[in-house]
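Visitor: I have a protein model to look at and some questions about how it is put together. Could you take me through it?

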Amino acid sequence: MATAAYGVSQLNNYRLKEYTLPLLPPGTLKGRDSFDILHVSDLHMIPGQRAKVAWVSSLAELQPDLVINTGDNLSDPKGVPWVFQALGPLLEIPGAFVFGTNDYWAPRPVNPFKYLLGTKREPSYVDLPWEGMRAAFQEHGWHDATHRRLEFKINDVRLALAGVDDPHHNLHDYSTIAGAPNPDADLAIALLHAPYREVLDAFERDGYQLALSGHTHGGQICLPGERAIVTNADIDRERASGLHRFGRMWMEVSNGLGTSKYAPVRIFCPPSAALLHITERP
């Protein structure tokens, strides 16, 4: 009981993780210190989560140059208005997104033993109102990167982005975006909800510099020091969250900001967002 109580108490213990990566060509920033990317994932929003709304919306005060959302925004059919309360100020900042399975379909009750054994669960196939949410994201100027190659400029930084649909349930089709990013881009970013090696390998081979994903919840039920027991993907446990190398590419895996409403617990794995300071190469 004490462990469960501790796990529930950690649900609102939000953290901001910060990383610095020297990826930009010299001279790109024209005297600025960095190009800042805010990465949010796995909100799993449920009506009434006011603490989460307040913390996520406060991230706009960081004034990032770009916001990336890697999916699983919902954990309830009535969660969309709460998503927009949380993300509202961030939607005024340039952004891009891909969705996860829990944007499309409602969660279902979890057998904790199957989770700890790494068994993949069949989706509920109970539809969530994701289409309206996607349209609203786009109306605010965020780019849907799902199976798309995108190119745009922010503050003199030329970006090349590409993303896939959720690999966790084989919704991805890498062939739709295959190929090297534009060599004229200053920064090439890959987006995927779940960090599966097949897709990460493809992005790395094609020459992307940074991959951003979520899905793992950092293991959610961890050993001390945020050491994951399971990943809910095929990435190794040591890279279930945080910033790591993947071949020649960097990858940052968010441990997320929420949980399924049927598994409201986090142990040694507090929820977080990440701020990546992209600086110039020496």
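Guide: Go ahead, and keep in mind that this is a predicted model.

Visitor: How many helices and strands does the protein have?
Guide: Both kinds of secondary structure are present in the protein. The count comes to 14 strands and seven helices.

Visitor: Why does the radius of gyration agree with a compact globule?
Guide: The protein has 282 residues, and a compact globule with that number would have a radius of gyration near 19 Å. The protein agrees with this because its own value is 18 Å.

Visitor: What share of the residues is buried?
Guide: Buried here means under 20% relative accessible area. Of the 282 residues in the protein, the share that is buried is 59%.

Visitor: At what angle do helix H2 and helix H3 pack?
Guide: Two packed helices are described by the angle between their axes and the distance between the axes. H2 covers residues 50-58 and H3 covers residues 80-87. Their axes lie 7 Å apart, and the angle is about 35°.

Visitor: Which residues in H3 does H2 meet?
Guide: By class, this contact has five nonpolar, two polar and one charged residues. From H2 come Arg50, Val53, Val56 and Ser57. In H3 they meet Trp82, Gln85, Ala86 and Leu87.

Visitor: Which residues are closest to the centre of the largest pocket?
Guide: The largest pocket has a volume of about 540 Å³. Its lining has 29 residues, with 10 nonpolar, 13 polar and six charged. Closest to the centre are Asn102, Val110, Arg121, Asn232 and Ser260.

Notes:
Residues are numbered from 1 along each chain as its sequence is written. This is a predicted model: local features need pLDDT of at least 70, side-chain atom pairs count only at pLDDT 80 or more; totals for chains, interfaces and linings use all residues. Side-chain values use heavy atoms; hydrogens and water are left out. On a 1 Å grid over the protein atoms alone, a cavity is a set of points where a 1.4 Å probe fits but cannot get out, and a pocket is an open set with protein on both sides within 12 Å along at least five of seven lines; lining residues have an atom within 4 Å of a point. Grid points are joined across faces, edges and corners, and a volume is the space filled by probe spheres set on the points. Ala, Val, Leu, Ile, Met, Phe, Trp, Tyr, Cys and Pro count as nonpolar, Asp, Glu, Lys and Arg as charged, and the others, Gly among them, as polar. Axes are lines fitted to C-alpha atoms, for helices over the stretch in contact, and angles run from 0 to 180 degrees between N-to-C directions. Helices (H or I, at least four residues) and strands (E, at least two) are DSSP runs, numbered from the N terminus. Contact means heavy atoms within 4.5 Å. The radius of gyration is taken over C-alpha atoms; the globule rule is 2.2 Å times the number of residues to the power 0.38. Buried means under 20% relative accessible area, exposed over 50%, partly exposed in between (1.4 Å probe, protein chains only).
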